[in-house]
Structure formats: C-alpha cells, structure tokens
Amino acid sequence: MEMGKTSNWIKAFFLVVLCGLLSMGTALASEKKEFRSADTHPADYPTVQAMNYMGKILSERTNARLSISVFHSRQLGEETDTIDMARVGAVDLLRISFAPFTDLIPEARVLTLPFLFSSDAHFQAVINGPIGKEVLAAFEQHGFIGLAYYESGSRSFYTTEKPVRSLKDLKGLQIRVQNSDLIAATMTALGAIPIKMPFGQVSTALEASIIDGAENNWSSYQSTGHYKAAPNYSLSRHLRVPEVVVMSKAVWDTLTHEDQTIIRQAAVDSQKVMAELWKERTDKAKKIVLDAGVQTYELEDISAFQEAVKPVYDQFINDPKLKNLVSRIRAVHP
Ligand code: GTR
C-alpha cells in the first residue's frame with residue numbers, strides 16, 4: 001500500500017522545474033558553484049551538520065569557489081522525490097538512506113538485507129572496505145556518484161500499543177516502511193503488513209492510529225517525536241541501512257577531474273565528523289526518549305526472526321554477483 005504518491009510526484013515535478021531554472025541562473029552568473037544538497041532531517045541532525053562541514057571544507061579548499069547549500073527538513077521533498085531530481089541534475093547532492101535506492105540499484109539491496117550484519121563493527125568493516133567501495137561504484141551506471149557512507153546505527157521496531165517481542169506480536173501489525181520493495185518484503189516475511197509511507201507523514205499516521213508502528217534508529221525515533229505516539233521500542237536491530245552521500249552524475253560530468261577529486265575527499269573527510277556527531281546524538285536521543293518514559297524490549301528469540309526473513313534473500317539476491325557479495329560480507333570478520 002502506498003500513500004501520498006500522486007501528490008509527491010506533482011510536488012517533485014514542480015521542484016524539478018524550479019531547481020532547473022535556479023541552476024541555469026547559477027551557471028550563467030559566475031564560475032562559482034554552490035551545490036544544492038537535499039536532506040530529510042532537520043538542521044540540527046548529524047547528517048545535516050556533517051554535510052555543512054563538507055561544504056565548509058570544500059569552500060576552504062577552493063578559495064570559496066565551491067560550496068554547498070544544504071536544504072534540510074525535506075525542503076526539496078521526500079527522499080524518493082530528491083532521487084528523481086538528482087538523476088536529472090536538478091539537485092546536485094543528496095544525503096540519503098540506501099533504502100529508496102534498493103528498487104533501482106541491485107547492489108544497494110545487499111547492504112540493506114535484514115540481519116545481515118552481526119554487529120556495528122561488522123557493518124563498519126564492510127562499508128569501509130573493498131565491498132563498500134564496490135557497492136558505491138555501482139551507483140554510477142544508475143546516474144549517481146557514490147561519495148561516502150554515513151553512520152546510521154541499526155533500526156528497531158516501535159509500536160503504539162503492544163510491544164514487539166516475538167513474531168506473534170508482529171503478526172498483522174501495520175508497520176510503516178521506507179520506499180523499498182526489499183524492506184516491504186521483509187515486513188511481510190515477518191508477518192507484519194508493510195505500509196510504504198514517506199518519512200514526513202509517519203508522525204501523523206502514528207498519532208491518528210493509521211499505522212500500528214514503524215521502525216528506525218534511536219536518533220530518528222527521537223528527532224521525529226515518534227516516541228511520543230509509539231513508546232514501545234523493541235530492540236530488534238533488524239536492519240542496518242547505510243546512509244550515503246551521492247552526487248548527481250549529470251552534475252559530476254560537468255566538473256573538472258580536479259574538482260571531482262576535491263569533492264570526493266571532502267565527502268570522505270565529512271564521514272569522520274559524522275561518526276562523532278552520530279555517537280553524541282544517539283546517546284542524547286536515548287536519554288531523551290527513556291526520560292520521557294519509553295520502554296525498551298529485547299526480542300525473545302532472534303533466531304526465529306532471522307529464519308523468517310530467509311525468503312527475502314532468495315527473492316532479492318537472485319544473481320551470482322549479488323550472492324557473491326553476500327558471501328563475502330559474511331566472511332568479513334572485524
Ligand atoms: C532515517 C534516515 C532517513 C530516512 C528515514 C526514514 O533513519 O536517516 O534518511 O530514510 O530513516 O525512515 O524514512
């Protein structure tokens with residue numbers, strides 16, 4: 001089930017036209033380039049801060065010739081809208097979740113598989129190693145240049161009424177998911193009813209009991225205020241969906257090799273700042289939600305969840321190249 005799709009398309013269309021006009025103006029005005037970057041999160045969120053930092057060092061390293069203006073808080077639309085805009089070069093950069101790329105880029109599915117990573121350290125070793133590089137490189141043939149990964153912790157379920165401790169608890173619950181067939185199939189495999197819904201609509205949907213719950217990391221659970229309507233947080237850690245900084249290939253191809261190198265390095269350098277901000281923010285978010293009365297739960301039997309999602313692997317990891325990536329990920333020992 002999808003909600004708000006038509007209005008999002010209309011919104012995306014007008015934003016594409018608007019951004020197109022803006023970019024023509026910038027190109028004519030001077031040689032200076034101010035890249036527009038989109039983010040769904042608010043101004044004080046680590047991803048936005050890290051992109052601001054990337055803009056700062058980019059500017060320092062080019063005598064203010066290159067800079068970044070971050071349109072946070074969904075000012076340019078929901079994540080799927082901004083993917084469409086970046087593809088045609090209407091927006092230059094995205095800080096975005098891998099999830100909405102999984103329907104487009106087969107390699108992106110691999111890092112989004114449920115229960116694939118055994119720990120944070122495992123996840124970090126994979127994204128910062130050769131597999132991470134290979135997956136980022138795969139973005140290019142789909143119109144994006146993968147520049148860097150950002151931290152995002154693990155995602156867990158939260159519900160308005162009954163906490164989720166077992167598959168039985170999840171059965172029949174309407175759970176909001178990101179715009180990804182793979183994640184929707186994961187919910188179905190776990191017995192829930194997936195509701196694909198843009199991030200910006202989840203608060204209202206929880207408050208109005210349109211959905212029974214959603215899933216996200218501590219920081220997003222807190223920043224969105226979802227914890228107020230859904231105070232049962234079940235530490236299922238079922239997904240570790242990476243966040244990524246990508247540039248529109250349409251824009252990238254207009255840049256000199258030298259500028260491309262500077263941009264790539266600035267993105268990689270911002271990753272370290274992101275890691276620090278992320279840790280701080282996660283600790284703060286946990287404290288805020290626990291102080292507000294959120295109850296946490298552990299799953300009774302995680303192996304039942306891991307077993308239940310096996311068909312998702314068969315369905316989405318359906319060619320030798322993807323299977324090989326999964327085996328190599330499993331063989332990484334941090
Ligand atoms: C957050 C992620 C966002 C967005 C959001 C969602 O964890 O940082 O980019 O994808 O989840 O659930 O839509």
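1. The C-alpha centres of domain 1 and domain 2 lie 25 Å apart in this predicted model. Domain 1 covers 32–152 + 242–283, and domain 2 covers 155–239 + 293–318; these bounds come from an automatic or database domain assignment. Residues are numbered from 1 along each chain as its sequence is written.

2. A note on what was counted: local features need pLDDT of at least 70, side-chain atom pairs count only at pLDDT 80 or more, and totals for chains, interfaces and linings use all residues, while side-chain values use heavy atoms, with hydrogens and water left out.

3. On to the interface itself. Contact (heavy atoms within 4.5 Å) links 22 residues of domain 1 with 31 residues of domain 2. About 2100 Å² is buried between the two domains, 60% of it on carbon and sulfur atoms; buried area is the accessible area (1.4 Å probe) that two parts lose on being put together, summed over both. On the domain 1 side, R109, P114 and F115 lose the most area to domain 2, together 33% of what that side buries.

4. For polar terms, 11 residue pairs are in polar contact between the domains, both residues at pLDDT 80 or more. A polar contact is a pair of N or O atoms within 3.5 Å; within protein, one must be able to donate a hydrogen and the other to accept it, and residues adjacent in sequence count only if both atoms are side-chain atoms.

5. Helices (DSSP runs of H or I, at least four residues) also feature here: α4 (106–111) and α13 (257–291) each supply at least two residues of the domain 1 side that touches domain 2. The largest share, three residues, comes from α13.
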